Amino acid sequence: MRSSLTCSRRVWLIGCACFAQSFAANADFVEDSTVALGLRNAYIDRDFKQHDAAKSRVGSWTQGFDLRVSSGYTEGPVQFGVETSTQWAYRLDGGGGRGPDSVIPYDASKGEQVRDYGRTGVTGKVKYSQTEVRVGELRPRLPVAYIDDSRQLVTTYQGVMVESKEWSNLALTAGRINQIASRESSNREKIYLMNGANIRRPSDGLNFAGATYQFSPNLSATYFYGQLEDIYQQNYLGLSNRWALSADYTLLTELRYYQNREDGQALYGKIDNKSYGAMTTVKTGGHALGVGYQRMLGDSAFPLFNGYAPQPYLVNWSTVGFFKANEASWQLRYDYDFVALGVPGLRFMTRYLRGSGIDRGNNDLDQNVESERNFVFSYVVQSGALKGLGFEWRNIDVKTRYGSGRASGADYAENRLITTYTWNF
């Protein structure tokens, strides 16, 4: 891991050197540049409730840093720029006696979490008119590949991505990803499926392309195609609509559909998964009340990348995920924005999700049930010297029952206390 960090630091220094040389060459390159340091202090504690848990508690207290330097563009019809990022996290507590906690890497030889870890990345960017090409480290938020910003180090990818907005109301995206760096790793590796069986059959890369068309300010449709070579092919279709019911009430609707099937050599065998989901939310004043339903069809679970890379385009995505084979899930969600009471920056969210009918290879589909309940309070300072300082408390309660009514090994209560601040230089 130390060698990986040393190599990453060298790459970062080379990127910064190139960046500094470019400063002197082009005024726009300098004047439009930004430097931001993101700080995150996170305390995460997961308390397992069942009597036969391998570990009764896991968790850690960590401090994270995310330094991002982004240049402007050079002059001319074809413009060039560069970005660098350095992420690093340090464990303040939570080492000896605790197992892997999905936040910081775990050293099995020592039986504890590592003291610190980090990684760096460089991204080159080229722009022509309304089209931009990015090569190197990527942080996509797409239906086919998404970052994970829920712990310390952000999940990042390596590859090339093209985004174009040359035509009015139409956004086009395409690219290829050949590596992933998951949230609890300093290293980049090829993409494989997180299938729960500790099987690693990596793909050479993910090819993808998609489009979003804005029919009106309130209605848009999105289509994406993804091919994880020799593992799966994926089609995604989404529809988003905002409808003003009256001067005081607004209805938000999200419809999502995925189709997944095996590709090429089918390194993980046959993949048979389709999913559809719908989420509708009524908003008035500071209140928002939403109801969601999601169904997995076929013999396979929804495919996820190594490192448990999230897929929040699934309407019931959460800590549990609700992505298992044949699972039907629903959620009831309530949000409140305290700006309606004159307290801007303070928000509250609670939701309850329940999934059933999970196909675990037995005949007890009606006995396979899992549920999750969330409470989230967050506050961001709105003015003064501490403007932008954010606080969040997230309480998660998970319960599962698989067959014959026995509790599984996944029942737990989790608390997360997170403080964030971004220092823009």
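Which residues are linked with Asp47 in a network of salt bridges? The network consists of Asp45, Asp47, Lys49 and Arg57, a salt bridge being a side-chain nitrogen of Lys or Arg within 4 Å of a carboxyl oxygen of Asp or Glu. The structure is a predicted model, in which local features need pLDDT of at least 70 and side-chain atom pairs count only at pLDDT 80 or more, while totals for chains, interfaces and linings use all residues. Residues are numbered from 1 along each chain as its sequence is written, and side-chain values use heavy atoms, with hydrogens and water left out.

The secondary structure of the protein comprises two helices and 20 strands; helices (H or I, at least four residues) and strands (E, at least two) are DSSP runs, numbered from the N terminus. Of the 425 residues, 45% are buried. Here buried denotes under 20% relative accessible area, exposed over 50%, and partly exposed the range in between (1.4 Å probe, protein chains only). Among contacts with a separation of 6 or more, 59% involve residues 24 or more positions apart, a contact being heavy atoms within 4.5 Å. The protein exposes about 20600 Å², of which carbon and sulfur atoms supply 55%; these areas come from the Shrake-Rupley method with a 1.4 Å probe, and for residues only the protein chains shown count as cover.

Side chains of opposite charge can pair when their charged atoms come close. A search of the whole structure finds 20 salt bridges. In one of them, the side chains of Arg57 and Asp47 meet at 3.4 Å, N to O. Arg57 lies in strand S2 (residues 57–70) and Asp47 in strand S1, so the pair ties together parts that are ten residues apart in sequence. Arg57 is partly exposed, with a relative accessible area of 35%, whereas Asp47 is buried, with a value of 18%. Another salt bridge joins Lys324 and Glu370, at 3.1 Å from N to O. This pair links distant parts of the chain, since Lys324 is in the loop between S15 and S16 and Glu370 is in strand S18 (residues 369–380), 46 residues apart. Glu370 counts as buried because its relative accessibility is 2%.

Strand S1 (residues 34–48) also contains Arg40. With a relative accessibility of 15%, Arg40 counts as buried. Beyond its neighbours within four places in sequence, Arg40 is in contact with residues including Thr62, Asp149, Arg151 and Ile418. Arg40 and Ala89 are 49 residues apart in sequence, and their C-alpha atoms are 8.9 Å apart in space.

Strand pairing requires that DSSP find at least two bridges between two strands. Strand S11 (residues 219–228) and strand S12 (residues 232–244) run antiparallel and are joined by ten bridges. The bridge partner of Ser220 in S12 is Ser240. S11 and S12 form a hairpin with three residues between them, and Asp230 in the turn has a positive phi of about 65 degrees. S12 is also joined to strand S13 (residues 250–262), in an antiparallel arrangement with 13 bridges. Arg242 stands opposite Leu252 in S13, and the hairpin of S12 and S13 has five residues between the strands.

The largest nonpolar core has 30 residues; such a core is a set of buried Ala, Val, Leu, Ile, Met, Phe, Trp, Tyr and Cys residues joined through side-chain atoms within 4.5 Å. The residues with the most contacts inside this core include Tyr157, Ile177, Leu206 and Phe208. Two or more residues each come from strand S8 (156–167), strand S9 (170–181), strand S10 (206–216), S11 and S12. Apart from its neighbours within four places in sequence, Ile177 is in contact with Leu138, Pro140, Tyr157, Leu206 and Phe208, among others. A second, separate core of eight residues includes Phe48, Leu353, Ile396 and Tyr412.

A nonpolar patch on the surface has about 980 Å² of accessible area, and its members include Tyr223, Leu237, Val291, Trp330 and Tyr352. Patches are made of residues with over 30% relative accessible area and no salt bridge, with like charges joined within 9 Å and nonpolar side chains (Val, Leu, Ile, Met, Phe, Trp, Tyr) within 5 Å. Strand S15 (287–297) and strand S16 (328–337) are the elements that give two or more residues to this patch. S15 gives the most, with four residues. Val291 lies in strand S15 and, at 45% relative accessibility, counts as partly exposed.
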